[in-house]
Amino acid sequence: MSNTPQNVQLASFPSLKGKRVFITGGGTGIGAAIVEAFAQQGAHVAFVDIATEASEALCNEVAAAGHPKPLFRHCDLRDIPAFQATIAELQAQLGDFDVLVNNAANDQRHKLEEVTLEYWNDRIAINQRPSFFAVQSVVEGMKRRGGGSIINFSSISWHQSGGGFPVYTTAKASTLGLTRGLARDLGPHKIRVNTVTPGWVMTERQIKLWLDEEGKKAIARNQCLQGDLLPWHLARMVLFLAADDSAMCTAQEFIVDAGWV
């Protein structure tokens with residue numbers, strides 16, 4: 001669970017109650033915080049992930065807290081036919097989706113000189129391709145519902161000219177093109193499309209794999225707001241973009257990075 005601190009007063013969004021939400025990569029990290037946040041609003045959540053144990057535990061914890069139990073399916077997003085079949089199955093069970101959150105990604109480090117065509121294709125298959133095909137899978141249902149909200153996740157890394165994973169930054173930079181192009185095409189159907197761009201979020205994965213003393217110094221030096229940027233901070237922005245409160249927000253990028261400069 002995201003462990004939202006008790007000393008903050010957060011908004012509730014009545015328009016999200018009963019909404020049907022599909023999330024990629026919802027089992028851990030930012031995705032898990034998003035699953036929890038929607039469930040707390042009374043939404044019906046379905047999500048996919050490859051982390052089966054963590055995902056099932058999350059579903060049980062959400063239900064134990066008295067919220068609608070999310071639906072989880074194990075799915076490798078690199079297999080697009082299987083991915084789309086899973087979306088169709090969940091849609092048949094829950095009904096047409098009102099909200100899509102394209103969150104899943106993998107920021108594995110790599111060097112330019114070592115990237116093979118096979119590796120390039122694999123990274124694109126994880127970090128870029130699923131977002132498009134998820135939209136393709138849910139958009140007709142959103143049209144039937146009379147509108148919807150699509151939220152694509154990018155990364156602050158390419159804004160910062162971050163090195164060490166060029167295929168990842170390529171994929172994440174392309175998210176803005178996907179968002180803006182789809183916003184134009186889907187606007188007449190009252191479907192909003194926006195990008196959420198996280199800064200360096202202190203997920204368990206980031207702390208375990210990438211955060212070192214130099215990283216801590218960089219955070220202290222570069223963030224305008226001191227303290228850890230946490231998954232629940234991103235989840236709250238997603239809630240706003242999914243809710244009726246953001247009715248005229250589309251084709252935009254919303255950066256949540258504690259003011260990294």
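Reply: Let's start with a term: buried means under 20% relative accessible area, exposed over 50%, and partly exposed in between, using a 1.4 Å probe and protein chains only. Helices (H or I, at least four residues) and strands (E, at least two) are DSSP runs, numbered from the N terminus. This is a predicted model, so local features need pLDDT of at least 70 and side-chain atom pairs count only at pLDDT 80 or more, while totals for chains, interfaces and linings use all residues. Residues are numbered from 1 along each chain as its sequence is written, and side-chain values use heavy atoms, with hydrogens and water left out.

Me: How many of the 12 residues of α10 are buried?
Reply: The buried residues of α10 include Trp232, Arg236 and Leu241. Helix α10 is largely enclosed by the rest of the structure, because the buried count is 9 of the 12 residues.

Me: Which elements do the buried residues of α10 pack against?
Reply: Contact here means heavy atoms within 4.5 Å. The buried residues of α10 pack against helix α1 (29–40) and the strands β4 (99–102), β5 (148–153), β6 (191–198) and β7 (253–256).

Me: Which residues do ring pairs link into a cluster with Phe22?
Reply: Rings of Phe, Tyr and Trp (its six-membered ring) pair if their centres lie within 6.5 Å; planes under 30 degrees apart count as stacked, over 60 as edge-to-face and the rest as tilted. The structure holds 5 aromatic pairs; one of them is Phe22 with Phe83, tilted at 6.4 Å centre to centre and 40° between the planes. Phe22 also forms a tilted pair with Phe97, at 5.6 Å and 50°. So, by ring pairs, the cluster joins Phe22 to Phe83 and Phe97.

Me: How many residues apart in sequence are the parts that the pair of Phe22 and Phe97 ties together?
Reply: Phe22 is buried, with a relative accessible area of 0%, and Phe97 counts as buried at 0% too. Phe22 lies in strand β1 and Phe97 in the loop between α3 and β4, so the pair ties together parts that are 75 residues apart.
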